[in-house]
Amino acid sequence: MPKIPVIILSGFLGSGKTSLLTKALKQNELQNSAIIVNEFGKIGLDHHLLSRVEERTLLLGGGCVCCSTREDLVAAILALLNDMQSGVQQKVDRVIVETTGLADPSPIWFTILRHPVLQHHFDVDRILVTLDAVNGMFHLDQHEESIKQTAVADQIIITKTDIASGEQIEQLLERIASINPAASIGTTHADDPDGSRFFVGDAQAVRTVQAVDSADLAKAHAGDTCSISIRFDRPLDWHAFGLWLSMLLHARGTAILRVKGLLDLGGEGPVSLNGVQHIIHPPEHLDHWPEGIRASNIVFIMKQVEPQQILDSLLAFQHVLGAVPYALEVKTAI
Amino acid sequence: MCVLCGGFVLQEHWTEKSSDDGGAIMTVGGDSGRNRQRQRLLRTNMANRILGYYGLKMEDWNGSKYILRDSKGSSEIVYDLGSLWPAVEKMIRKAADPLDPQLIERMQENPRI
């Protein structure tokens with residue numbers, strides 16, 4: 001039985017998560033979805049907004065999903081699973097978890113991947129993060145949570161583009177690309193008739209970085225959020241790469257915000273690799289390479305680690321890995 | 001569940017999902033069994049190239065677990081790479097860091113350690 005995809009919808013306070021979801025839910029594509037709202041504070045405003053899907057809306061009590069109450073998320077999804085299996089409710093096509101504006105999405109990922117029951121029935125499909133076109137810059141400047149959310153996103157949705165100037169959107173796009181070069185970016189506005197497109201379709205399309213002649217490694221500093229895209233010249237040895245990456249994540253997991261990429265292990269198609277901090281999603285085999293590019297391509301987004309360190313380490317391990325790494329692109333969050 | 005020792009395997013570590021076998025399905029005998037054993041030996045050898053730097057050695061135990069030893073005779077049972085690094089940290093009293101400049105230097109000087 002295929003696992004039910006779980007979509008994590010995150011984004012800073014007031015960035016338009018609920019508006020996007022409310023509108024998207026009116027469309028037929030999302031009719032058969034279960035919504036779990038992680039409520040912050042006692043008055044469940046968001047809950048009322050989604051009351052239309054009342055019987056499927058499960059309200060998480062007590063605020064932040066991430067640490068103290070992720071058991072609530074487990075309980076909420078287990079209750080849903082129980083209802084589906086006992087026939088009280090028909091099987092849903094997807095579960096959408098809307099987090100609070102301050103939540104870190106990674107613990108939700110962790111919860112679903114590691115829970116002894118949930119891991120067999122659900123799979124995190126994508127992390128969507130909304131950023132407000134007008135106030136997004138301010139949130140990124142002022143709030144660490146907003147940068148963290150941006151860094152872990154699979155897709156970033158810029159909202160309220162109808163009330164922002166073209167220049168504001170340009171700047172925000174540039175900034176997002178500097179924080180998370182692996183994420184795809186979409187835009188939406190108040191009258192967007194098709195918000196559901198963000199919730200369906202292929203989520204894990206990795207944006208492939210175009211080859212740059214010489215990546216400027218000196219630009220990046222350890223204190224900032226920065227990223228490096230690495231390509232390997234030959235197929236990698238999976239065991240060796242797993243050894244290196246598990247070692248890195250054990251030692252530096254909190255500093256590695258995101259690892260994402262496609263690996264060439266010598267097989268027919270690539271293996272997609274997807275990790276958030278200490279957690280790696282079980283690698284998946286894809287049937288074919290996108291757009292004929294056939295080379296391992298990995299993006300690391302990190303903090304307190306310099307891109308040069310990652311590259312040096314991979315270079316030192318090249319004899320074990322069986323392939324030589326080279327940097328395609330290095331970015332420092334602006 | 002491991003039939004040899006009765007230990008429960010709750011979580012398959014992501015590194016156990018190898019490139020072509022679609023997961024570590026344990027079967028006894030036959031080609032898949034041999035292939036699995038070969039993969040384990042390859043992984044053990046590879047890990048030992050890195051662990052040697054810390055004076056540690058890992059060996060396969062009955063095809064189901066690994067044993068990590070240091071030169072003073074302490075040993076630790078390791079299930080997979082997920083529990084290897086915490087065990088290494090316990091033995092050498094610090095996290096084995098692949099970004100450690102000294103380790104990098106050592107590997108550059110002697111690629112075949």
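# Two chains and their contact

In this predicted model, the contact between the two chains takes 32 residues from chain B and 32 residues from chain A.

Trainee: How much area do chain B and chain A bury between them, and what part of it is on carbon and sulfur atoms?
Mentor: The contact draws on 32 residues from chain B and 32 residues from chain A. Between them the two chains bury about 3000 Å², and the part of this area on carbon and sulfur atoms is 70%.

Trainee: Which residues form the salt bridge between chain B and chain A?
Mentor: The count between the two chains is one salt bridge, beside seven residue pairs in polar contact, both residues of each pair being at pLDDT 80 or more. In the salt bridge the closest N and O atoms are 2.5 Å apart, and the two residues that form it are Arg252(A) and Asp97(B).

Trainee: Which helix supplies the largest share of the side of chain B that touches chain A?
Mentor: On that side of chain B, helix 1, helix 2 and helix 3 (101–109) each supply at least two residues. The largest share is six residues, and it comes from helix 1 of chain B.

Trainee: In the sheet of chain B, which are the edge strands?
Mentor: The sheet is open and is formed by three strands in the order 1-2-3, with antiparallel pairing. An edge strand here pairs on one side only, and this holds for strand 1 (56–61) and strand 3 (75–78) of chain B.

Trainee: How many bridges join strand 1 of chain B to strand 2 of chain B?
Mentor: Strands of a sheet pair through backbone hydrogen bonds, either parallel or antiparallel. Strand 1 and strand 2 (residues 65–70) of chain B run antiparallel, and one of the pairs sets Leu56(B) against its bridge partner Asp70(B). The number of bridges that join strand 1 to strand 2 is six.

Trainee: Which strands of chain B does helix 2 touch as it packs on the sheet?
Mentor: Helix 1 of chain B packs on the sheet by touching strand 1 and strand 2, and its direction makes about 170° with that of strand 1 of chain B. Helix 2 (residues 81–92) of chain B also packs on the sheet, its direction making about 165° with that of strand 3, and the strands it touches are strand 1, strand 2 and strand 3 of chain B.

Trainee: Is Thr44(B) buried or exposed?
Mentor: Thr44(B) is found in helix 1 (residues 30–51) of chain B, where its side chain reaches the backbone oxygen of Arg40(B) at 2.5 Å. Leaving aside neighbours within four places in sequence, Thr44(B) is in contact with Met58(B), Glu59(B), Asp60(B) and Tyr66(B). Because its relative accessibility is 5%, and the cut-off is under 20%, Thr44(B) counts as buried.

Trainee: Is Asn62(B) buried or exposed?
Mentor: Asn62(B) lies in the loop between strand 1 and strand 2 of chain B, and it has a positive phi of about 55° although it is not a glycine. Its relative accessible area is 54%, and since the cut-off is over 50%, Asn62(B) is exposed.

Trainee: What is the relative accessible area of Lys160(A)?
Mentor: Lys160(A) is found in the loop between strand 6 (155–159) and helix 8 (166–179) of chain A, and its phi is near 60°, a positive value in a residue other than glycine. Lys160(A) is partly exposed, with a relative accessible area of 27%.

Trainee: Turning to chain A as a whole, what percentage of its residues is buried?
Mentor: Chain A has eleven helices and 14 strands. Of its contacts with a separation of 6 or more, 78% are between residues 24 or more positions apart. In the 334 residues of chain A, the buried part makes up 58%.

Trainee: How many of the residues of strand 13 of chain A are buried?
Mentor: Strand 8 (residues 225–232) of chain A is joined to strand 13 by seven bridges and runs antiparallel to it, with Arg231(A) opposite Asn297(A). Strand 9 (residues 256–263) of chain A also pairs with strand 13 in the antiparallel sense, over six bridges, and here Ile256(A) has Met302(A) as its bridge partner. Both faces of strand 13 are covered, with Asn297(A), Val299(A), Ile301(A) and Lys303(A) on one side and Ile298(A), Phe300(A) and Met302(A) on the other. In strand 13 (residues 297–303), the number of buried residues is seven of seven.

Methods: Residues are numbered from 1 along each chain as its sequence is written. Chains are lettered from A and ligands numbered from 1 in the order in which they are written. Side-chain values use heavy atoms; hydrogens and water are left out. Buried means under 20% relative accessible area, exposed over 50%, partly exposed in between (1.4 Å probe, protein chains only). Helices (H or I, at least four residues) and strands (E, at least two) are DSSP runs, numbered from the N terminus. Two strands pair if DSSP finds at least two bridges between them. A polar contact is a pair of N or O atoms within 3.5 Å; within protein, one must be able to donate a hydrogen and the other to accept it, and residues adjacent in sequence count only if both atoms are side-chain atoms. Contact means heavy atoms within 4.5 Å. Axes are lines fitted to C-alpha atoms, for helices over the stretch in contact, and angles run from 0 to 180 degrees between N-to-C directions. Buried area is the accessible area (1.4 Å probe) that two parts lose on being put together, summed over both. A salt bridge is a side-chain nitrogen of Lys or Arg within 4 Å of a carboxyl oxygen of Asp or Glu.
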